Each structure stands twice: as C-alpha cells, then as structure tokens.
Amino acid sequence: MDTTIEVSGVHKRFGPTVALDGMTFTVQPGRVTGFVGPNGAGKSTTMRVILGLDAPDEGSALVGGRPYQSLRHPMRYIGSLLDASALQPSRSGRGHLLWLAHSQGLSARRVDEVIGQAGLEKAARRRAGGYSLGMRQRLGIAAAMLGDPPVIMLDEPFNGLDPEGIVWMRAFLAALAAQGRAVLVSSHLMSELEDTADHLVVVGRGKVIADISMAELIAAASGGRVLVRTSARPKALTVLEDAGATVTATSHDTLTVAGLSAERIVAVLTENAVPFSEVAAHRASLEQAYMDLTSDVVEYRAEPALPRDNTAEARR
Amino acid sequence: MTAGTATPNRPETRPGHGSEPAGRDSFGHVLWAEWTKFRTVRGWVIGMVVAGLLTVLVGYLSAAGSQTGCGAGPCHFYVPVGPGGEAVTDSFYFVHRPLAGNGSITVRMTSLTGKLPSASGGRVQAGHGAQSSLHPGLEPWSKAGIIIKASTRQGSAYAAVLASGDNGVRMQYDYTGDIAGPPGRPSAASPRWLRLTRSGDTIAGYESADGTHWIRIGTATLAGLPATVQAGLFATSPAHSVTTSKGLAGSSATGGPTLATGVFDHLGLRGAWPAGGWRGDVIGGGGPSNPYPVQGGGYHQSGGAFTVTGSGDIAPDMDWGAGPGRSIQFALVGTFFGLIAVVVVGAMYITAEYRRGLIRTTLAASPRRGRILAAKAIVIAAAAFVAGLVAAIVAIPLATRISRDNGNYIYPVNALTEVRLVAGTAAVLAVAAVLAMAVGAALRRSAIAVTFVIVVIVLPYLIAVTNLLPLSGDQWLLRLAPVAGFSIQQAIPNYPQVSNVCSPAGGCYPLPPWAGFVVLCAWAAAALALAVVLLRRRDA
C-alpha cells in the first residue's frame with residue numbers, strides 16, 4: 001500500500017466556502033481510479049492537498065506513505081498534471097520538460113524519452129505558447145512521466161482532447177495501470193471514464209459519496225432491466241404491462257422493461273404476435289448509474305450555483 | 001500522434017522511494033532547474049544582455065557628449081598625484097629651509113586670520129585678484145602651521161601640524177591623513193605651540209599651550225622620505241564657495257579665492273639645518289579643480305616673528321563634477337539604466353510563474369519552498385552579476401578613453417578602487433535583481449511588482465540627482481533607500497578635511513562605499529525574508 005495515495009479525513013475551507021469536508025479514500029495500484037463529481041465537489045482541491053500545494057486544515061494526505069513535503073524528488077513518487085496550460089509561453093516544450101527533469105536530478109536523455117512516449121517529437125522545440133490544448137495535455141503527461149513514478153494523478157486529462165486524443169489517452173492510462181501503477185484520474189463527466197476507469201471514487205460537497213468498482217456500479221444500476229427493440233411499440237407496451245411488467249419507452253423503437261425476465265418477455269411478445277428485433281439485458285450507462293447513485297444526495301444536485309471546482313481559479 | 005504511441009516504457013526496476021540515491025543534495029537540483037528555467041526563456045536572457053548594453057551605451061554617450069576645450073585645442077592639465085596615487089591639491093605659501101637627517105621644528109603661533117571674498121547685495125562677488133574686494137574672515141579649512149615635506153615638488157610626501165579656521169589644531173600628512181588635536185584658534189591671548197620631530201621615516205606632531213607641557217597629536221610614517229627634507233612654516237586657504245541656487249537644472253555656486261595669515265615666533269630648530277637662511281616660495285598654483293588663481297602670498301620676518309600669508313589647499317583633490325576633471329565613476333552612469341532592465345527581468349522571473357499557474361508545477365517539483373526562492377535568487381543574481389561585470393569592464397576603458405580624447409582630465413584611482421568599481425557595479429545589479437525577484441514573489445503580479453521596485457529604487461535616485469529636496473533630504477534618501485548601493489561606485493572618497501558639497505549629481509554619496517552597498521543588501525534580504533515567509537504560508 002505504500003506506493004499509493006492515501007487521503008484521510010481532509011478538511012479544507014477557503015474563507016466561508018467549505019471545499020473539503022472529511023475527504024477520505026485510497027488509490028490502489030494496478031488500476032485506473034476515476035475521481036468523479038460535479039464541479040465544486042473538491043476534486044482539484046484534494047489533488048492540490050495531495051501535492052502539498054494547499055495545506056489542509058485537518059487530516060492528512062500521504063504519497064507512498066509519506067507527506068508530500070518530505071519527498072526529496074517527489075516526481076519520482078508521483079507524476080501529476082493539474083493544469084495543462086500552466087506553461088511559460090515563450091519556453092519550448094522541451095525546455096519545460098528539461099527544467100522539470102533537472103529539478104529531479106534527471107538528465108536530458110530522460111526528457112527525450114518522455115517526448116517520444118507522448119508523441120511530441122515534432123512540437124518539442126517550438127514555443128509552448130503555440131500549442132493546442134491537446135498538445136499541452138500531452139506535454140503535461142510527458143512531464144508526469146518524467147520521474148517514472150509508481151503513482152500518476154491527472155486532473156481532467158480529457159479536457160480539450162479531440163477524439164483521436166481521447167482514444168490515445170485511454171490506451172495510455174490503461175497501459176499505465178497494466179504496468180502496476182496506481183492511476184487517479186478526475187473528471188466531471190462520467191462518460192469520459194466509462195471505458196477508462198476500473199474503480200470509481202464519487203465525490204460531492206467535499207466528501208466521498210461512493211467508493212466502488214465500475215462493474216459493481218453498473219450491475220447495481222442496471223437492476224435486472226431488459227431492453228426491447230420493436231417496430232410495434234404501443235402494442236408491446238400494452239401486452240408487457242398486462243403481464244405485470246413496469247415498462248418505459250426510451251426511444252421510438254425501444255422499451256426498457258423491469259419486473260420480467262428476458263425469457264418471459266420473449267414468450268409474452270411471441271404469444272401476442274408482437275414483432276421484435278432485439279431483447280437484451282439492459283446495461284446502464286455510467287452516467288445513469290451516477291445519477292441513480294447520487295439521487296439520494298439531491299441537495300447538491302439541486303444547487304447548480306456551487307462555486308467552481310477549481311477554487312484556485314476562482315481566487316485568481 | 002496515434003493511439004499506437006500510447007505505450008509507456010516500463011523499466012526493469014520498479015521505481016519508488018527505495019530507488020533514489022540517498023544523501024544527494026537536492027538543493028543542487030533545484031538550482032539546476034532554476035538555471036534551466038532562466039536560460040530557456042530567450043526574453044530574459046536578452047533582457048540581461050540589454051542591461052549590459054544600456055550600461056555601456058549610456059556611459060559612452062555621456063563621455064562622447066562632454067567636451068572640454070582650452071583655447072585652440074584640448075586642455076593639458078597638470079594634476080599632482082600624492083604618495084597614495086590619488087589626485088591632490090598642493091598649493092600654499094612655504095617658508096622653508098632644508099633639514100638634513102633627524103631633527104625637529106618648534107614654533108609658537110599667536111594668530112590665524114584671513115580674508116574672504118566680499119558679499120555685495122546678497123551675492124558673493126567672485127574676486128579676480130582684487131584684494132580690495134576681500135573682507136576679513138576664515139574658511140573652516142584655512143590653515144597655517146609647520147610642515148616637513150620631502151621636497152617642494154607638488155604631490156610630495158609631507159606631515160604638518162597646523163591651526164585651522166574652524167577645526168582646531170590638526171596633524172595632517174600625505175593629503176589624506178588627518179588627526180584632530182585640541183580645538184580652538186590661536187590668538188595673542190591664547191597662543192599655540194606646535195612641534196614636528198623627524199626620526200627616520202617617522203614624524204610626530206605635538207601641541208602645547210605653554211611650550212612646556214606637550215601632548216602628542218599623532219605620528220605619521222612617510223615611507224621613503226629622503227635624508228634631506230624641506231621644513232618650515234606654511235599658510236594656505238581654500239576657495240570660498242556658496243551655493244546660490246538649487247533646482248532641477250542643478251546647483252550653481254559662486255565664490256572666490258581666500259587668504260590665510262599665520263603669525264609665528266619662538267622658532268626653535270634642532271638637528272642639522274644647513275646655513276642659508278629662510279626662503280619663501282609659492283608652491284603650486286591652480287589645477288583643474290582650482291578655478292581661482294592662487295592669490296600668491298608672502299612672508300616677512302621682523303626680529304624673531306614671522307608673518308606668513310598663503311592661498312590654496314593641501315588636500316586630496318575632490319571636485320564633484322564642478323571642474324573639467326572627471327572621476328572614472330562617470331563611465332558607469334549607465335548602470336542606472338541597466339538596473340531598470342535587470343529589475344524588470346528579476347521581477348518577471350517569478351511573476352511569470354504566478355501569471356500562468358506554473359508556480360504550482362514548480363512547488364510540486366520542489367516542495368521545500370524556501371529553497372526555490374534561494375535558488376531563484378542565486379540564478380538571477382548570477383545572471384545580473386555577469387551582465388554588470390562585462391558592462392563595467394567594457395564601459396570604464398571605453399568611456400575614459402573617449403573622455404580623455406575630448407580634453408577631459410580623468411582622476412587617477414588605484415587598481416583596488418578600479419576593481420571595486422567593476423565588481424561593485426556587477427554586485428549592485430545582482431542584489432537589485434534579487435530585490436526585484438523577492439518583491440515579485442511577495443506581490444505575485446508583474447506590473448505591480450515592477451512598478452513597486454522602480455518606485456523604490458528609481459524614484460529616490462531621481463529625486464536626489466535632480467535636487468528636488470533640500471540637500472539634507474537628498475542625503476537621507478541616499479542613506480536609506482536602496483539607491484545607497486550606488487555609493488560602491490564612488491571612486492574618490494569623501495574626506496572631511498576638504499570643504500566640498502557632496503552631491504549625488506557629482507557622484508558623491510553620503511555613505512562609505514561598502515556601507516551603502518550593505519543598505520541595498522539589507523533591502524534585498526528583508527524582501528527575500530518576507531517572500532519566503534509568504535510563500536511558505538500561502539496556498540499555491
């Protein structure tokens with residue numbers, strides 16, 4: 001456990017705003033952990049506390065079992081990307097990686113390695129001010145990889161990526177986890193994490209709402225429902241309800257059915273000569289699961305006017 | 001840039017805290033990183049080069065723009081140089097005899113009087129030799145007494161015991177040496193006895209109220225004093241100067257030559273004084289800093305009493321920009337403009353990180369925050385130091401040569417002083433850069449930080465050189481503001497035994513060179529300490 005992130009009971013307040021209210025979770029090695037929650041839930045603040053940038057009012061955050069401040073070359077323990085746009089515009093991408101490498105006692109050879117990994121060979125010697133957001137994200141990833149750390153922590157890495165970049169990022173994160181590293185990735189959009197994260201830490205209002213594996217969450221959210229595709233939707237709806245099911249129309253040719261097994265549905269539809277093209281176990285989207293999960297915490301969903309997640313940005 | 005590149009390399013050994021070389025000095029790495037940061041932003045490197053170029057260019061323009069002519073052609077000055085290598089004024093009336101080997105001279109002095117230029121209608125009339133326009137009075141540093149001098153050549157070694165206008169009895173030697181004796185001016189009611197004794201290279205000065213009980217004022221060692229020296233009575237009195245107006249255009253002064261007259265009796269000589277009697281000579285007669293012709297002088301002897309009258313001064317030559325002579329520090333006037341460039345780069349070096357949020361990346365890479373500021377201070381100081389060093393090394397020979405070609409006289413300074421000027425210029429830029437960086441760290445915004453530092457450094461300097469405040473106000477600014485650091489560039493020291501107005505426009509600062517530099521360092525240290533406290537306390 002000592003190569004991961006351990007956050008326990010962290011409280012943090014910015015003036016009248018409570019940013020973190022007893023945030024507690026642990027990131028396991030060998031998998032991608034999604035850190036998800038609406039804007040203002042405390043994701044970025046938590047990451048800043050982990051990196052020793054913000055001092056917690058209470059509680060502790062450990063990296064590799066030690067407080068960040070005590071790490072001699074911290075980027076060899078944890079690679080992080082908080083804000084891809086935090087660059088000196090007139091410095092080249094390579095120059096940026098070079099000073100970071102030197103701060104960790106690493107040489108220019110390592111810089112050229114990570115430039116290759118991030119696919120930045122062509123852009124590396126250009127001014128970083130001219131980079132697209134996608135290139136900045138890649139540069140940030142390259143920086144996080146400099147110290148070849150066992151723990152990687154990325155804040156909203158999918159922001160600003162084009163579809164190709166999103167595919168690249170997913171594959172990259174999966175490869176990191178497969179190598180046995182602990183990967184923590186924040187997002188305010190569940191859909192971004194759907195094919196990426198193995199585990200989820202769902203947060204709202206500065207604390208953890210759910211700490212759950214992706215499979216468990218989807219299974220729980222699916223609730224044994226069945227999807228039916230039919231060209232005769234009104235008739236199918238009637239006969240299935242008559243058979244005792246709870247039916248919801250989800251599109252012009254699909255229904256979601258609860259309360260009946262798939263076999264029983266096929267039997268009822270055949271019996272009544274209702275045509276259908278598909279009957280399958282319903283797989284809830286992560287977004288749906290997330291909504292279901294957080295429906296209890298109505299209070300924060302009903303408050304869209306919460307301060308933005310990036311409190312530092314709000315303070316600037 | 002395809003998904004196919006998304007395979008991070010995996011080294012054989014697993015990374016982690018166990019793999020880190022233990023005991024490695026991570027401050028070296030922080031320093032390395034900060035240096036890489038500096039050199040990878042072209043604008044900052046260019047800014048330092050510009051600082052150096054400005055320093056040289058302004059010095060060059062200042063030298064090229066100042067011409068001095070004397071009739072048809074450049075002036076040829078003769079400025080005596082004292083035993084210490086400094087330019088001196090050495091003009092007085094000398095009643096002397098040779099003294100062979102060791103011996104002594106003792107005298108009773110019964111009067112010191114003098115004449116000053118007359119004031120009419122509130123203005124001091126510059127006298128042009130017309131004795132009638134003089135009225136009785138003494139300059140504070142009018143002086144008459146006894147002197148032992150290597151020869152009658154200007155600039156030769158000497159030691160003297162003398163009575164002065166307002167500064168009591170003194171022992172002075174080799175132009176820069178000055179030891180105070182008892183206060184008061186000799187008169188018939190309270191005469192002063194003075195004595196000088198030579199023993200090898202050592203000369204001792206004594207004073208007595210009654211000719212019986214002597215006190216020793218001090219001793220001077222005049223290295224290489226010849227076996228036979230010239231010894232006797234002297235009188236001299238520096239030019240009178242009154243500042244008549246003061247404003248943005250500078251100050252203007254009027255004045256004129258003065259005279260001092262000493263009356264002596266009970267002359268006693270010991271040792272070998274070859275026969276031949278007393279001889280009176282005018283020593284010197286003007287120089288670049290002595291625009292008034294020496295009034296001449298003379299002596300007469302009646303019985304055992306001597307009356308000696310003279311004009312001039314025996315002192316280091318320090319004329320702050322009033323004459324055609326220039327101190328080499330003028331070659332460095334551009335430092336001030338270089339400083340502005342350095343200050344901008346120094347502040348930007350850290351405020352740029354705050355502007356982009358890059359400071360968080362910096363702090364995440366090196367969590368010990370005090371070390372980051374220490375590393376930044378070292379890097380920016382080193383860069384500014386190199387810029388200042390190169391600029392000073394180029395500017396001094398360039399500007400002094402052009403200035404000489406234009407007919408100016410450059411006061412000589414010794415090699416150590418020249419080294420101080422060069423290294424001091426570099427050090428002033430270095431410390432100012434640290435000050436700017438520290439202020440930038442505390443204020444976090446480029447525009448505010450640069451404005452603040454410019455106001456703190458530049459404004460006091462401008463106020464002082466443009467004479468916006470009364471002179472005493474200028475002096476306090478130059479003691480307390482960071483601009484006090486420029487006093488390290490003062491080539492010719494302030495000597496209290498010379499009456500001269502010490503004004504920054506002339507390159508004279510109220511604090512000694514190192515003390516002024518320490519004031520600047522104190523500002524930088526205070527700002528840096530504040531920046532460390534704030535950086536440690538604040539969330540990033």
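Predicted model: local features only at pLDDT ≥ 70, side-chain atom pairs only at ≥ 80, totals over all residues.

Student: Okay, what hand does the crossing have where helix 6 of chain B passes helix 7 of chain B?

Tutor: Right-handed: that is how helix 6 of chain B passes helix 7 of chain B. Residues are numbered from 1 along each chain as its sequence is written, with chains lettered from A and ligands numbered from 1 in the order in which they are written.

Student: Why is helix 6 of chain B called oblique to helix 7 of chain B?

Tutor: Helix 6 (residues 415-443) and helix 7 (residues 446-465) of chain B pack at about 135°, with axes 9 Å apart. Under 35 degrees is roughly parallel, over 145 roughly antiparallel, 65 to 115 roughly perpendicular, and the rest oblique. So helix 6 of chain B is oblique to helix 7 of chain B.

Student: Which residues of helix 6 of chain B meet helix 7 of chain B?

Tutor: Among them are B:Leu435, B:Val439 and B:Leu443 in helix 6 of chain B, with B:Phe452 and B:Ile457 among their partners in helix 7 of chain B. Contact requires C-beta atoms, placed from the backbone, within 7 Å.

Student: And what makes helix 1 of chain B oblique to helix 5 of chain B?

Tutor: Their axes come within 9 Å and cross at roughly 50°, therefore the two helices are oblique to each other. Helix 1 of chain B passes helix 5 of chain B in a right-handed crossing too. B:Phe27 and B:Trp35 of helix 1 are among the residues making the contact, as are B:Ile372 and B:Val379 of helix 5.

Student: How many residues of chain B are in contact with chain A?

Tutor: There are 39, against 47 residues of chain A. Helix 1 of chain B gives the most to that side, with seven residues.

Student: How much of chain A is buried?

Tutor: Buried residues make up 50% of its 316 residues. The label needs 20 or more other C-beta atoms within 10 Å of a residue's own; 12 or fewer is exposed, and in between is partly exposed.

Student: Where do the domains of chain B lie?

Tutor: Domain 1 covers 28-64 + 326-537, and domain 2 covers 88-316. Their centres, taken over C-alpha atoms, are separated by 43 Å.

Terms used: Contact = placed C-beta atoms within 7 Å. Helix = DSSP H or I, 4+ residues; strand = E, 2+ residues; numbered from the N terminus. Axes fitted to C-alpha atoms, helices over the stretch in contact; angles between N-to-C directions. Left-handed = near helix turned anticlockwise from the far one by under 90°. Domains from an automatic or database assignment.
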